[in-house]
Amino acid sequence: MQINDTQLKQVDTQIKRLLAADNFYGKRLREAGITGVSSVEDFQALPFSEKQDLRDAYPLGLSAVPQSEIVRIHSSSGTTGTPVIIPYTQKDVDDWAIQFARCYEYAGVTPEDRVQITPGYGLWTAGIGFQAGCELLGAMAIPMGPGNTEKQLQFMIDMESTVLTATASYALLLAEEIEKRGIKDQIKLKKLITGSERSGEKIRQRIIDALGVEYYDIYGLTEVYGPGIGISCQHSHGMHVWSDYVFLEIIDPETGEVLPDGEWGEIVLTTLVKEGAPLIRFRTHDLSRIIPGDCACGHNEHPRIDTITGRSDDMMKIHGVNVFPAQIEEILATFPECSSEYQIRLSHLDGRDTMRIYVETNGSVDWEDLRRRVARRVKHKIGFTPLVKIVELGMLPRSEKKTKRVYDERYE
Ligand code: ZN
């Protein structure tokens with residue numbers, strides 16, 4: 001999807017504002033000799049920006065307005081190093097709420113709904129974004145914040161919450177607790193809106209089954225307003241991204257080349273009307289693709305990105321094909337006889353790159369047959385044949401934290 005004339009004019013206006021403000025981006029554009037954009041080629045020649053650039057601008061170097069116009073800041077939740085500070089003007093705060101209200105509308109939420117908000121409040125953009133959009137839509141916000149499962153369930157029952165907003169893991173925890181206590185008949189939930197972490201198909205289905213809800217994925221990141229710049233609709237797992245607020249590109253994470261619709265790569269975002277901290281070609285490192293073709297909901301002015309499959313840092317290149325662990329995980333999830341655990345090992349054998357996939361199953365399955373079927377499906381879906389090794393259930397290592405699943409032994 002190429003940048004259209006309206007978007008191009010908006011970027012041009014942003015560039016002129018940044019140059020005039022002489023802020024972090026303004027200086028960078030001036031040094032690159034950029035004065036504006038009037039064509040697709042001009043746009044694609046604009047330099048990318050990275051999270052590290054935003055860190056370098058700490059604390060308020062990203063601001064493109066006088067300090068008196070900043071009404072709020074948010075900060076992204078980096079675990080190490082200098083945080084990123086994003087300043088918002090009143091218009092930015094309002095625009096974010098408009099986008100978020102649109103997300104709720106796409107999910108079919110109405111003023112009759114009661115929205116239980118469990119993402120955190122504070123420096124993060126999570127809770128407050130869910131709340132502002134809810135209030136603008138006219139639904140009833142129940143601003144719980146995270147944790148305290150006892151109280152969450154009590155309010156869910158007593159306040160008759162119809163919409164739950166949560167990370168996938170927290171939704172799963174609540175769903176399992178509801179099952180365990182046998183209180184499903186007291187729960188009025190109809191919809192779940194989730195975001196901020198990738199969830200596999202198995203977890204998604206587990207939550208849908210346990211809660212009996214419609215499941216919506218929201219997209220966004222603190223650097224670009226926050227969650228709410230896009231959401232899945234009733235017809236697709238893909239998420240529509242609001243083309244009147246952000247311009248979306250997918251690039252090859254290695255070469256920076258812009259990829260055609262349908263190809264997997266890294267999401268790059270440019271804000272179109274942001275005042276406090278406009279971003280130009282910001283590399284998110286989130287991996288997805290633009291879903292080609294029309295959506296059944298008819299909102300084709302807002303392009304759809306596919307489920308985020310991971311981070312570009314996780315990408316593996318094998319036989320010239322870009323592969324992400326999540327793609328393998330998704331394929332394995334279609335085999336009910338495999339457990340959720342797997343391991344990928346890349347090695348260099350006889351001058352060729354080889355991928356070995358270890359999967360677990362129990363003794364009641366024909367291992368040789370399973371091995372062949374997994375290999376065939378990977379070949380069919382991704383384009384190369386891996387070596388599949390079947391192991392006994394419980395053989396692969398478990399970890400309470402993040403389990404390491406990919407080992408690249410090619411360059412050891
Ligand atoms: Zn749609």
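At 24% relative accessibility, Arg 373 counts as partly exposed, a class between buried (under 20% relative accessible area) and exposed (over 50%), with a 1.4 Å probe and protein chains only. The structure is a predicted model, in which local features need pLDDT of at least 70, side-chain atom pairs count only at pLDDT 80 or more, and totals for chains, interfaces and linings use all residues. Residues are numbered from 1 along each chain as its sequence is written, and side-chain values use heavy atoms, with hydrogens and water left out.

The side chain of Arg 373 meets that of Glu 337 in a salt bridge (2.8 Å, N to O), a term for a side-chain nitrogen of Lys or Arg within 4 Å of a carboxyl oxygen of Asp or Glu. Glu 337 lies in the loop between α10 (325–333) and β17 (342–349), and Arg 373 in helix α11 (residues 367–382), so the pair ties together parts that are 36 residues apart in sequence. Helices (H or I, at least four residues) and strands (E, at least two) are DSSP runs, numbered from the N terminus. Glu 337 is likewise partly exposed, at 23% relative accessibility.

Helix α11 also holds Glu 368 and Arg 372, which are 4 residues apart, about one turn of the helix. These two form a salt bridge, with the closest N and O atoms 3.5 Å apart. Glu 368 is partly exposed at 36% relative accessible area, and Arg 372 is partly exposed at 44%.

A further salt bridge joins the side chains of Arg 283 and Glu 266 (2.6 Å, N to O). Arg 283 belongs to strand β12 and Glu 266 to strand β11 (residues 265–271), so the pair ties together parts 17 residues apart in sequence. Arg 283 is buried, with a relative accessible area of 12%, and Glu 266 is buried, with 0%. A search of the whole structure finds 28 salt bridges. Glu 150, Glu 177, Lys 180 and Arg 181 are linked in a network of such bridges.

Four strands form an open, antiparallel sheet in the order β10-β11-β12-β14. Because β10 (246–251) and β14 (310–311) stand at the edges, each with a single partner strand, one side of each is left without a neighbour in the sheet. Strands count as paired if DSSP finds at least two bridges between them; β12 (residues 282–288) and β14 are joined by 2 bridges. Here Asp 286 stands opposite Arg 311 in β14.

Another pairing is that of β5 and β6, which is parallel over 4 bridges. Leu 164 stands opposite Leu 192 in β6. In a regular strand the side chains alternate between the two faces of the sheet. Both faces of β6 are covered: Lys 191 and Ile 193 are buried on one side, Leu 192 and Thr 194 on the other.

In α9 (residues 201–211), Arg 204, Ile 207, Ala 210 and Leu 211 are buried. They lie on the same side of α9, because they cover an arc of only 140° around the axis, taken from the directions from the helix axis to the C-beta atoms. The buried residues of α9 pack against β5 (163–166), α8 (168–181), β6 (191–194) and β7 (214–221), where contact means heavy atoms within 4.5 Å. After α9 comes Gly 212, with a positive phi near 65°.
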